[in-house]
Amino acid sequence: DETPTHTPAAPANDGLPHPDDPAKRDEHLALFELVPHEAATFVSIASGNWNDTHVWKDGVIPNGGAQVLVSAGTTVTFDAVQTNAMKWVRVDGELDFATSVDTQMLVETVIVDPAGTLHIGTVANPIQSGVAARLVIADMGRAIDTTWDPDQLSRGLISHGTVAMQGEEVTPFLPLAVAPVRGSTQLTLDAVPVRWRVGDRLVLTGTSTDLDAKQDEELKIVAINGNTVTIDSDDAKVGTQGLKFNHTPPAGFGLKVYVADMNRNVVVMSQNPAINDRRGHVMFMHSNKVQV
């Protein structure tokens with residue numbers, strides 16, 4: 001006797017997203033159910049600057065508590081510095097941060113539709129030197145409402161579409177020409193860094209073989225002269241404080257100690273990172289159209 005075989009029918013394309021992947025479909029639907037079109041309290045009806053009343057359906061610029069829809073077919077340039085938090089922004093069209101003025105968007109959740117675009121600077125038009133662009137994930141004074149959002153997808157930047165973030169060029173990290181020792185207030189780099197500035201925060205890697213020692217040090221730049229950087233290891237104390245630890249790499253392997261500059265002029269950050277359940281997150285989901 002031959003054992004009959006059965007080939008499952010292909011999933012029906014019923015107009016819902018990801019017809020061949022139920023897990024992605026459920027995730028997609030759960031995300032966009034958080035920001036339905038009909039719940040938007042501010043809707044763009046024309047392209048233009050965020051602070052232009054003609055851009056918005058009722059002629060009012062989005063304010064604290066706003067639920068914003070950047071509509072398909074419109075391009076809105078965000079040119080504001082917000083101090084009152086919005087609840088959410090859904091991008092079905094294009095949302096571009098202005099590149100020549102300081103900007104700060106204060107919002108609990110930003111969701112980019114598969115057909116939507118978010119630009120915080122691009123390769124062709126980066127956020128300019130001396131200008132800061134900040135996306136601040138707002139602390140709304142509470143944990144995520146899991147009745148509304150049981151999957152806890154909200155409170156952050158979540159994109160299924162196109163995202164670009166491009167700021168000024170900064171040397172991200174460099175090796176040290178000389179391994180620094182405890183008490184030192186200067187670091188000698190292998191090269192002259194690009195756009196490291198007084199006030200920038202540095203992280204100097206620890207070299208202890210004790211995994212519990214945690215000897216990475218966070219430093220502040222107080223002066224720069226070529227490849228010599230003067231640092232302060234504790235700006236809460238009066239005067240310039242030297243390093244707390246030796247930073248000597250293991251001998252015989254040609255290893256060097258590295259220091260990284262943490263400052264950038266494009267920043268995605270939490271308003272209140274001190275409380276875990278109020279911090280934001282970033283997810284680029286179901287789309288590889290991302291350049292950061």
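The model is predicted, so local features need pLDDT of at least 70 and side-chain atom pairs count only at pLDDT 80 or more, while totals for chains, interfaces and linings use all residues. Residues are numbered from 1 along each chain as its sequence is written, and side-chain values use heavy atoms, with hydrogens and water left out.

Visitor: Where does Gln152 lie?
Guide: Gln152 is not a glycine, yet its phi is positive, at about 50 degrees. Most residues other than glycine have a negative phi. Strands here are DSSP runs (E, at least two residues) numbered from the N terminus, and Gln152 lies in the loop between strand E9 (133-137) and strand E10 (156-159).

Visitor: What relative accessible area does His286 have?
Guide: His286, in the loop between strand E19 (281-284) and strand E20 (290-291), also is not a glycine and has a positive phi of about 65 degrees. With buried meaning under 20% relative accessible area, exposed over 50% and partly exposed in between (1.4 Å probe, protein chains only), His286 counts as partly exposed, at 25%.

Visitor: How many residues of E9 are buried?
Guide: E9 is described as mostly covered. Of its 5 residues, the buried ones number 4.

Visitor: Which residue in E18 is the bridge partner of Arg134?
Guide: Two strands pair if DSSP finds at least two bridges between them, and E9 pairs with strand E18 (residues 266-270) in the parallel sense over 5 bridges. Within E18, the bridge partner of Arg134 is Val267.
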